[in-house]
Amino acid sequence: MVYKLENIDQVESLSGQTYCNNFYFNPVQDGNTPSNWVISSQEVQELCRTEFLWIKDLQQIEWVAPVYEP
């Protein structure tokens, strides 16, 4: 499972930020159509910065890997 970010503002607010010590959020797009911006459940489980606790309220969805054409 991954956590679905609801809009680009959430993506931008997490990009480059640490979720605990020297570990950084890494929002990525999944393979759905249209694609979703998501963060991993590991990032949320290891979260230790209180200003990001709102992430735990986001919808969890199944990871769908992107498909790249050769």
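A disulfide, meaning a pair of cysteine sulfur atoms within 2.5 Å, joins Cys20 to Cys48, with 2.2 Å from S to S. The model is predicted: local features need pLDDT of at least 70, side-chain atom pairs count only at pLDDT 80 or more, and totals for chains, interfaces and linings use all residues. Residues are numbered from 1 along each chain as its sequence is written, and side-chain values use heavy atoms, with hydrogens and water left out.

**The disulfide**

- A search of the whole structure finds one disulfide.
- The link of Cys20 and Cys48 is right-handed, with 110° about the S-S bond.
- Cys20 lies in strand E2 (residues 18–20) and Cys48 in the loop between helix H2 (41–45) and strand E6 (60–61), so the link ties together parts that are 28 residues apart in sequence. Helices (H or I, at least four residues) and strands (E, at least two) are DSSP runs, numbered from the N terminus.
- Cys20 is buried at 15% relative accessibility, while Cys48 is partly exposed at 44%. Buried means under 20% relative accessible area, exposed over 50%, and partly exposed in between (1.4 Å probe, protein chains only).

**The sheet**

- Four strands form an open sheet in the order E4-E5-E1-E6, with antiparallel pairing. Two strands pair if DSSP finds at least two bridges between them.
- E4 and E6 are the edge strands, and each pairs on one side only.
- Two bridges connect E4 and E5 in the antiparallel sense.
- Val28 has Val38 in E5 as its bridge partner.

**Backbone geometry**

- Most residues other than glycine have a negative phi, and most peptide bonds are trans.
- Asn21 has a positive phi of about 50° although it is not a glycine.
- Asn21 sits in the loop between E2 and strand E3 (23–24), and is exposed at 62% relative accessibility.
- The peptide bond from Thr33 to Pro34 is cis, with omega near -5°.
- Pro34 belongs to the loop between strand E4 (28–29) and strand E5 (37–40).

**Charged side chains**

- The structure holds one salt bridge, defined as a side-chain nitrogen of Lys or Arg within 4 Å of a carboxyl oxygen of Asp or Glu.
- This salt bridge is between the side chains of Glu51 and Arg49, at 2.3 Å from N to O.
- Glu51 is partly exposed, with a relative accessible area of 43%, and Arg49 is partly exposed at 23%.
- Glu43, found in helix H2, is buried yet has no salt bridge.
- The nearest side chain of opposite charge to Glu43 is Arg49, 11 Å away. For charge, Lys and Arg count as positive and Asp and Glu as negative; His and the chain ends are not counted.
- A polar atom of the Glu43 side chain lies 2.7 Å from the backbone nitrogen of Ser40.
- Glu43 touches Tyr19, Tyr24, Phe25 and Asn26, not counting residues up to four places away in sequence. Contact means heavy atoms within 4.5 Å.

**Leu58**

- Leu58 lies in the loop between H2 and E6, and is buried with a relative accessible area of 7%.
- Leu58 and Glu6 are 52 residues apart in sequence but 7.9 Å apart in space, C-alpha to C-alpha.
- Not counting residues up to four places away in sequence, Leu58 touches Tyr3, Lys4, Leu5, Glu6 and Gln10.

Technical notes. Polar contact = N/O pair within 3.5 Å; in protein donor to acceptor, adjacent residues only side chain to side chain.
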